[in-house]
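This report was prepared for a reader who wishes to examine the fold and local geometry of a protein model. The sequence and structure are shown first.

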Amino acid sequence: MEPYRTHVMLCAGTGCVSNGSFRIKETLERELKKHNLQNEVAVVMTGCNGFCAQGPVMVVKPDDIFYQLLTDDDITHLVEEHFLKGRPVQKLMYTPPAEELPVPKMSDIGFFNKQRLIALRNRGMIDPEQIDEYIARDGYTALAKALNEMTPEQVIEEIKLSGLRGRGGAGFPTGRKWELARAAKGETKHIVCNADEGDPGAFMDRSIIESDPHSVLEGMIIGARAIGASYGHVYIRNEYPLARERLIKAIKQATDYGLLGKDIFGTGFDLDVSIHRGAGAFVCGEETSLIASLEGRAPEPRIRPPFPVESGIWDAPTNINNVETWANVPDIINRGAKWFSAIGTETSKGTKVFSVVGKVKNTGLVEVPMGITLREIVYDIGGGIPGDKEFKAVQTGGPSGGCIPQSLLDLPIDYEKLAEVGSIMGSGGLIVMDEDTCMVDVARYFLEFLKDESCGKCTACREGIDVMHGILVRICEGNGKEGDIEMLEELSEAVKDSSLCALGRTAPNPVISTIRYFRDEYEAHINDKSCPAGVCKALITYVINEEKCKGCRLCAKNCPQEAITGEVKMPHTIEQDKCIKCGVCFDVCKFDAVSVT
Amino acid sequence: MPKIKPEDLKKIREQMSRTMSLRDGDARAKITVHMGTCGIAAGARTIMSTLLALTEEEQAKDIILTASGCAGLCSREPMITVELKGQAPVKYVELDEEKTKKIFSDHVLSGTVVEEYALAMGSERLG
């Protein structure tokens, strides 16, 4: 790279791209050229920086100035002030919710400085499409070490000692998995990178591949060598075009450098990696379904044993790990199992990447040490709940996970602790809910997703989820009856017990955990026919408070049903038989006169 | 692109180290060119290009070159501030290409302050 004095690290993750970061790049380059700065200031497109809520974002190096919520119009001023005259532009900096003054430096922003990056170690620091930049940050040295200085057994031992566990959901010890795959009998062996990230609201794997595809590839090559596999596969969702494109480029570059293909580093070790586009079903993330889909069959899970490690792709021993797991491997080999196992809790080592979404100020992608509390994630990193609403629950683990209530906010997060409270780590989706969220409605939403995504092979999953969903719909519509909760509990057990794969076995979790912590909300729906959060339309009524109403007619003008009547400057009323409960009147009223009951 | 050997990784790292140290913000020396309107009018651009060329010429990997606003002494521009790691920053005034070259070789590369061009040691107190 040419000697520039400043590097502008502009985020080109999917979030920022959809907010226009490529357009900003063009404007930046045009403005830089106008001031003849194109040879002094380089624009580098990086992967996801994590702070998606503030996108498009960029970081100016070496000053470490963080700019956010950029628009095309800001760029002219920014280039002239910061890059020409050296004056950082305050109004484009981030101001934390609790403070008045903007914070210029990225390293001083709470969202970033509470994080610890291992899987995302290169995010925002490199151009993911340049292999040399990855190598510059110690990329592929772990591969050189694993190939030249370590035996496959030593590599497996190192991973075992590190305590690394599967980041895809179940948390199976990675070293143990590799050991079984190495011991399995078979002439050809396969490794798979599972990038079929299907949880609603989760984007950890996409972001890792987008910001640092070589870290995943390097992990895979090391793993393949340790196991003795000569074929690698990346099974990636079709909905991730940018990640796939970067991965294709990375594979090409690594192959050109001789880091993939025949005789890697002159050691006689061969590995080919191919990319398979996902078939767009949630169940494809399950190992045996994934294998079926990869072979070209319908993605249905099958009975285990035999486990994929003995009989996987085309009946050959197959080791499947998640994107984040693979991305952790190079750093463990480079820095040692001891270093890695010093981070985290007794049973869960290292860090975990979470996508923090929902009713939280700083939505985005964070990597934190295991053992961090939910409170730290929601309040210190997430910045708390927008609009000063009350926190209600956090949903972890996607549709298969559970809701964790406020009383457990100080729970340290690891695989076991989450299971104890009725949720799971899952792949790392974390949805924050506030007082305006109805927990019965949440359970209904997740079951609707799972009902659609059940492959239909096991009766209990196919029919059971459908019936449970039907009951939840009924409750939300105000037709719940005595015994519904007990029926849901009983069905949950049945579905759990008689489903082949994890989809069915975990599907009742959203119902079980919401009944466990928010039974009162279910009871209010069933017995009192009311929705405490004011969400379920059949159970709420909008009324106008006569004392507060000024008769401004704003609500009447906006009501799509013309259901609001009243004279100017006189209190208005809503005709309930016309009202469709769209909530427009509530939203537009300036005097807080409309209430939901 | 030729196939690489393990020892080539180190070569690539060295080639890239200047780019990377700039991103890490970690360097032995930091040169700030004051580029307010006054600085630019007095010729700060030439100073900046000279410094860029010098760092390139010397293959200097541990030097950060950056711009900042007016230093408040508009009558004596162009100005630069040189800050070696662990030492107080030094401000130089009324620069031209020749003076800049001397500061670069004596101070930035060898660590000897060029007193004849220096205005003062240290910066204003903040806050």
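**Overall form**

The model is predicted. Chain A contains 23 helices and 18 strands. Its radius of gyration is 26 Å, close to the 25 Å that the globule rule gives for 597 residues, so chain A is as compact as a globular protein of that length. Along the principal axes, the C-alpha atoms of chain A fill a box of roughly 85 × 70 × 40 Å.

Of the 597 residues in chain A, 59% count as buried. The accessible surface of this chain comes to about 23,200 Å², and carbon and sulfur atoms account for 49% of that area. When contacts in chain A between residues at least 6 apart in sequence are considered, 69% of them join residues at least 24 apart.

**Domains**

Chain A is divided into domain 1 (6-108), domain 2 (131-341), domain 3 (351-434), domain 4 (439-527) and domain 5 (541-596). The centres of domain 3 of chain A and domain 5 of chain A, taken over C-alpha atoms, are separated by 37 Å.

**A covered helix**

Helix H12 of chain A spans residues 287-294, and eight of its eight residues are buried. These are Glu287(A), Thr288(A), Ser289(A), Leu290(A), Ile291(A), Ala292(A), Ser293(A) and Leu294(A). The packing partners of the buried residues of H12(A) are helix H8 (174-183) and the strands E5 (190-195), E6 (231-236), E8 (269-277) and E9 (318-322) of chain A. After H12(A) comes Gly296(A), which has a positive phi near 100 degrees.

**The setting of Met45(A)**

Met45(A) is placed in strand E2 (residues 41-46) of chain A. Its relative accessibility is 11%, and the cut-off for a buried residue is under 20%, so Met45(A) counts as buried. Leaving aside residues up to four places away in sequence, Met45(A) touches Leu10(A), Ala12(A), Ser21(A), Phe22(A), Lys25(A), Ile126(A), Asp127(A) and Pro128(A). Between Met45(A) and Ile264(A) there are 29 Å in space, C-alpha to C-alpha, and the two are 219 residues apart in sequence.

**Backbone details**

| Peptide bond | Geometry | Omega |
|---|---|---|
| Lys61(A) to Pro62(A) | cis | near 5 degrees |
| Glu77(B) to Pro78(B) | cis | near -5 degrees |

Pro62(A) belongs to the loop between strand E3 (58-61) and strand E4 (65-67) of chain A. In chain B, Pro78(B) is found in the loop between strand E2 (63-68) and strand E3 (80-84).

Positive phi values also occur in residues other than glycine. Leu69(A), which is not a glycine, has a positive phi of about 45 degrees. This leucine lies in the loop between E4 and helix H3 (72-84) of chain A, and Leu69(A) counts as partly exposed at 44% relative accessibility. Arg553(A), likewise a residue other than glycine, has a positive phi near 70 degrees. Arg553(A) is located in the loop between strand E15 (542-544) and helix H22 (554-558) of chain A. With a relative accessible area of 27%, Arg553(A) is partly exposed.

Methods:
Residues numbered from 1 in each chain as written. Chains lettered and ligands numbered in written order. Predicted model: local features only at pLDDT ≥ 70, side-chain atom pairs only at ≥ 80, totals over all residues. Heavy atoms only, no water. Helix = DSSP H or I, 4+ residues; strand = E, 2+ residues; numbered from the N terminus. Rg over C-alpha atoms; globule rule 2.2 N^0.38 Å. Buried < 20%, exposed > 50% of the residue type's maximum accessible area, 1.4 Å probe, protein only. Contact = heavy atoms within 4.5 Å. Areas by Shrake-Rupley, 256 points an atom, 1.4 Å probe, with all protein chains shown as cover. Domains from an automatic or database assignment.
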